[in-house]
Amino acid sequence: MPDWSVYTGNSDSEPHDGIDRLPPPPPWRAFDGEPVLPPPGDTDDEAAVSPDRVHRARTYVATPESVQLVNAALVLRRPLLVTGPPGTGKSSLAYAVARELRLGPVLRWNITSRSALADGLYQYDPLSRLYAARQTARTGAAAPGTGAGRGGAGVRGGDGVEDHLHLGPLGTALLPYERPRVLLVDEIDKSDLDLPNDLLNVLEEGQYEIPELMRAARHSADGTTAEVLADGTDAPVTVTRGRVRCRAFPFVVLTSNGEREFPPAFLRRCVRLKLRRPDREQLTDIVRAHLDTPAGEAEHLINRFLARAADGELATDQLLNALYLTGVAGLDADSRDALAEQLMPYLSATADGDGF
């Protein structure tokens, strides 16, 4: 493995601290955000790294190309744009990297046609703040157990700006952690046309501003810091003068099914990985990693899967579903094949109208 590589892609290896051997960033990608935050949670615990994706992270089968480009993105401190058909492991890659390099829970931003940059950075609820202020004016004090504005515990219910503000997955990933966080921006090709361009400045500069906190800091007589909640945790983090700047640039995985083209300015700021449908050898490795299926039965269904995939779009998940269910059901050969056929419909219409 080259000296600059820290991710091996070996699912059999135990999580390690190889991220500490990451070469220094290029001068134009160095960041100095403060105050420095420790890694979140217990990174020795695989369940803490990806609570709902432990199996996916441990069984991911990486290709040599994906290993090389993951390391390139880590060294260059650039986002990794992963394009490929459904079921090729685009999102699983983020969990596999987080597990192996002990980078904590994956921050996930699921993109829809309505997603805007602000949704990923932070959410602010002015109506709940107005309600809390009225309650405070009515009773003369903040409700018991709530924050009390600036300098409080940052719990929703106080009448300070920070009590009604919550960092999103992108905003959390750009906090000044001493180790990079993993951010999965899933299905960015489903976004509004403006979102990729809107992301450019934030990902290029590694920082953003929260105008609501900046205004509060200007009018505050007793301090310029705020304690706000971050994505995926109940522990507040400190934001100074409403500005957030990363220290270790996050490992950002942007996934796309290839349903649209992206602006050249966006593409040139990403490391680009194109995943292809697994071949027979890769499918065998994937099945072996996920299931304890007899070799003959696995080979038979892999052959059927590959034969059907030649005429329409299928996902690897469908093969795994067919193998698991036919194994659990204990079916004879004919019944197994019939059920497998039902579990492997095409994901898009074909020339003869087969699909759904």
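This is a predicted model: local features need pLDDT of at least 70, side-chain atom pairs count only at pLDDT 80 or more; totals for chains, interfaces and linings use all residues.

Reader: Why does T83 count as buried?

Author: The relative accessibility of T83 is 19%. Buried means under 20% relative accessible area, so T83 counts as buried.

Reader: What does T83 touch, not counting residues up to four places away in sequence?

Author: T83 touches K90, S256, N257, G258, L273, K274 and L275. Contact here means heavy atoms within 4.5 Å.

Reader: Where is R77, and what is to be said of its phi?

Author: R77 is placed in the loop between α3 (64-76) and β1. Its phi is near 55°, a positive value in a residue other than glycine. Most residues other than glycine have a negative phi.

Reader: How do you know whether R77 is buried or exposed?

Author: The relative accessibility of R77 is 12%. The limit for buried is under 20%, and R77 therefore counts as buried.

Reader: What makes E187 count as partly exposed?

Author: Its relative accessibility is 28%. Partly exposed lies between the limits of under 20% for buried and over 50% for exposed, so E187 counts as partly exposed.

Reader: Which residues of helix α8 are buried, and what covers them?

Author: In α8, residues 195-205, the buried residues are L195, P196, L199, L200, V202 and L203. Their cover includes the strands β2 (107-110), β6 (207-209) and β10 (251-256), together with the helices α5 (117-121), α7 (169-173) and α10 (264-267). After α8 comes G206, with a positive phi near 65°.

Reader: What is the peptide bond from E34 to P35 called?

Author: That bond is cis, with omega near -5°. P35 lies in the segment before α1 (46-49). Most peptide bonds are trans.

Reader: How are two packed helices described?

Author: Such a pair is described by the angle between the axes and the distance between them. For helix α11 (residues 280-290) and helix α13 (residues 316-329), the axes come within 11 Å and cross at roughly 50°.

Reader: Which residues make the contact of α11 with α13, and how do they divide?

Author: From α11 come L283, I286, V287 and H290, and from α13 come T316, L319, L320 and L323. They divide into 6 nonpolar, 2 polar and no charged residues.

Reader: What makes α11 and α12 oblique to each other?

Author: The axes of α11 and helix α12 (residues 295-309) come within 11 Å and cross at roughly 130°. Roughly perpendicular ends at 115 degrees and roughly antiparallel requires over 145, and α11 and α12 are therefore oblique to each other. Their crossing is right-handed.

Reader: Which residues make this contact, and how do they divide?

Author: R280, L283, T284 and V287 of α11 meet A298, I302, N303, F305 and L306 of α12. These divide into 6 nonpolar, 2 polar and 1 charged.

Reader: How do you know that R280 is partly exposed?

Author: R280, in helix α11, has a relative accessible area of 44%. Exposed begins over 50% and buried lies under 20%, so R280 is partly exposed. Leaving aside neighbours within four places in sequence, R280 is in contact with I302, N303 and L306. The C-alpha atoms of R280 and F305 are separated by 9.8 Å, although these residues are 25 apart along the chain.

Reader: What can be said of the protein as a whole?

Author: The protein has 14 helices and 11 strands. Of its 356 residues, 47% are buried. Among contacts between residues at least 6 apart in sequence, 79% join residues at least 24 apart. The accessible surface comes to about 17200 Å², and 50% of it belongs to carbon and sulfur atoms.

Conventions. Residues are numbered from 1 along each chain as its sequence is written. Side-chain values use heavy atoms; hydrogens and water are left out. Axes are lines fitted to C-alpha atoms, for helices over the stretch in contact, and angles run from 0 to 180 degrees between N-to-C directions. Helices (H or I, at least four residues) and strands (E, at least two) are DSSP runs, numbered from the N terminus. Ala, Val, Leu, Ile, Met, Phe, Trp, Tyr, Cys and Pro count as nonpolar, Asp, Glu, Lys and Arg as charged, and the others, Gly among them, as polar. Buried means under 20% relative accessible area, exposed over 50%, partly exposed in between (1.4 Å probe, protein chains only). Accessible areas come from the Shrake-Rupley method with a 1.4 Å probe; for residues, only the protein chains shown count as cover. Angles under 35 degrees count as roughly parallel, over 145 as roughly antiparallel, 65 to 115 as roughly perpendicular and the rest as oblique. A crossing is left-handed if the near helix is turned anticlockwise from the far one by less than a right angle, and right-handed if clockwise.
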